[in-house]
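Visitor: I have a structure open and would like to go through it with you. Can we take it piece by piece?
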Amino acid sequence: MNDKQRRFIDEYLIDQNATRAAIAAGYSPKTARSQGSRLLTNADISKEIQARQHQLSHELKITAQDKRAKLWQLAQWCGELVEGVNGEFFVRNPRSAIAAIAELNKMDGDYLQKPVDETKVNFIQIFGSDDLPDGEKPAVQESHWLNSEY
């Protein structure tokens, strides 16, 4: 692992933002998003991030239950309806509330991505007299379209 990659790990652990971490580690701002994504898929980097996160959690004595409690507090606070200065009511930060709930769902195993169904492709071929050997008739008499499913 090189120095730039080590710096990326240090920066990524601050706020889990791969793009910002890539820029701070010295990668080009133009390519930082793709570089950050690529670096996160690197096995050595991913392993080091997980090890350091586990070490931090252990040192700070943060349990999964502590994380759930904090996320729930965050979801409640951000999702709270408050009155603005002009008297209109609004939700403090609905995106953050939704993100906290989504994270709780992931932690509890309630957020499962459905497998993608296989896409059925229709193959369409036109049969005309130009496509056939001399003297043969088209296979489909009523229509020039043959629709086969693969």
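Visitor: What share of the residues in the chain is buried?
Guide: This is a predicted model, and in it 19% of the 150 residues are buried.

Visitor: What part of the contacts comes from residues 24 or more positions apart?
Guide: Such pairs account for 40% of the contacts, counting those with a separation of 6 or more.

Visitor: Let's pick a residue. Where is Gln-5?
Guide: Gln-5 sits in helix 1, which covers residues 3-15.

Visitor: Buried or exposed?
Guide: Gln-5 counts as buried, because its relative accessibility is 13% and the cut-off for buried is under 20%.

Visitor: Which residues does Gln-5 touch?
Guide: Leaving out residues up to four places away in sequence, Gln-5 touches Tyr-27, Leu-39, Asn-42 and Ile-45.

Visitor: What about Ala-25, where does that one lie?
Guide: Ala-25 is in the loop between helix 2 (18-24) and helix 3 (32-41). With 10% relative accessibility, Ala-25 counts as buried.

Visitor: Which residues does Ala-25 touch?
Guide: Lys-4, Arg-7 and Phe-8, again not counting residues up to four places away in sequence. As for Asp-10, 15 residues from Ala-25 along the chain, the two C-alpha atoms are separated by 8.7 Å.

Visitor: New topic. How many salt bridges does the structure hold?
Guide: There are 7 salt bridges.

Visitor: Start with Arg-6. Which residue is its partner?
Guide: Arg-6 pairs with Asp-3, and their closest N and O atoms are 3.4 Å apart. Both residues are in helix 1, and because they are 3 residues apart there, about one helical turn separates them.

Visitor: How exposed are Arg-6 and Asp-3?
Guide: Arg-6 is partly exposed at 42% relative accessibility, whereas Asp-3 is exposed, with a relative accessible area of 62%. The two get separate labels because exposed means over 50%.

Visitor: Which residue does Asp-108 bridge to?
Guide: Asp-108 forms a salt bridge with Arg-68, with 2.7 Å between the closest N and O atoms. Asp-108 lies in the loop between helix 6 and strand 3 (122-126) and Arg-68 lies in helix 5, so the bridge ties together parts 40 residues apart in sequence.

Visitor: How accessible are Asp-108 and Arg-68?
Guide: Asp-108 is partly exposed, with a relative accessible area of 42%. Arg-68 also counts as partly exposed, at 23% relative accessibility.

Visitor: And Arg-92, which residue does it bridge to?
Guide: Arg-92 bridges to Glu-80, the closest N and O atoms being 2.7 Å apart. This pair links distant parts of the chain, 12 residues apart: Arg-92 is in the loop between strand 2 (89-91) and helix 6, and Glu-80 is in the loop between helix 5 and strand 1 (81-83). Arg-92 counts as partly exposed at 29% relative accessibility, and Glu-80 counts as partly exposed at 35%.

Visitor: Which residues are linked in a network of salt bridges?
Guide: Arg-7, Glu-11, Asp-15 and Arg-20 are linked that way.

Visitor: On to pockets. What is the volume of the largest pocket?
Guide: About 210 Å³.

Visitor: Which residues line the largest pocket?
Guide: The lining is made of Leu-56, Ser-57, Leu-60, Ile-62, Lys-67, Leu-71, Glu-103 and Met-107.

Visitor: Which helices supply at least two residues of that lining?
Guide: Helix 4, helix 5 (64-78) and helix 6 (94-107) each do. Helix 4 gives the largest share, 3 residues.

Visitor: Where is Leu-56 in all this?
Guide: Leu-56 is in helix 4, which spans residues 43-60, and is among the residues lining the largest pocket. Its relative accessible area is 38%, so Leu-56 is partly exposed.

Note on methods
Residues are numbered from 1 along each chain as its sequence is written. This is a predicted model: local features need pLDDT of at least 70, side-chain atom pairs count only at pLDDT 80 or more; totals for chains, interfaces and linings use all residues. Side-chain values use heavy atoms; hydrogens and water are left out. Helices (H or I, at least four residues) and strands (E, at least two) are DSSP runs, numbered from the N terminus. Buried means under 20% relative accessible area, exposed over 50%, partly exposed in between (1.4 Å probe, protein chains only). Contact means heavy atoms within 4.5 Å. On a 1 Å grid over the protein atoms alone, a cavity is a set of points where a 1.4 Å probe fits but cannot get out, and a pocket is an open set with protein on both sides within 12 Å along at least five of seven lines; lining residues have an atom within 4 Å of a point. Grid points are joined across faces, edges and corners, and a volume is the space filled by probe spheres set on the points. A salt bridge is a side-chain nitrogen of Lys or Arg within 4 Å of a carboxyl oxygen of Asp or Glu.
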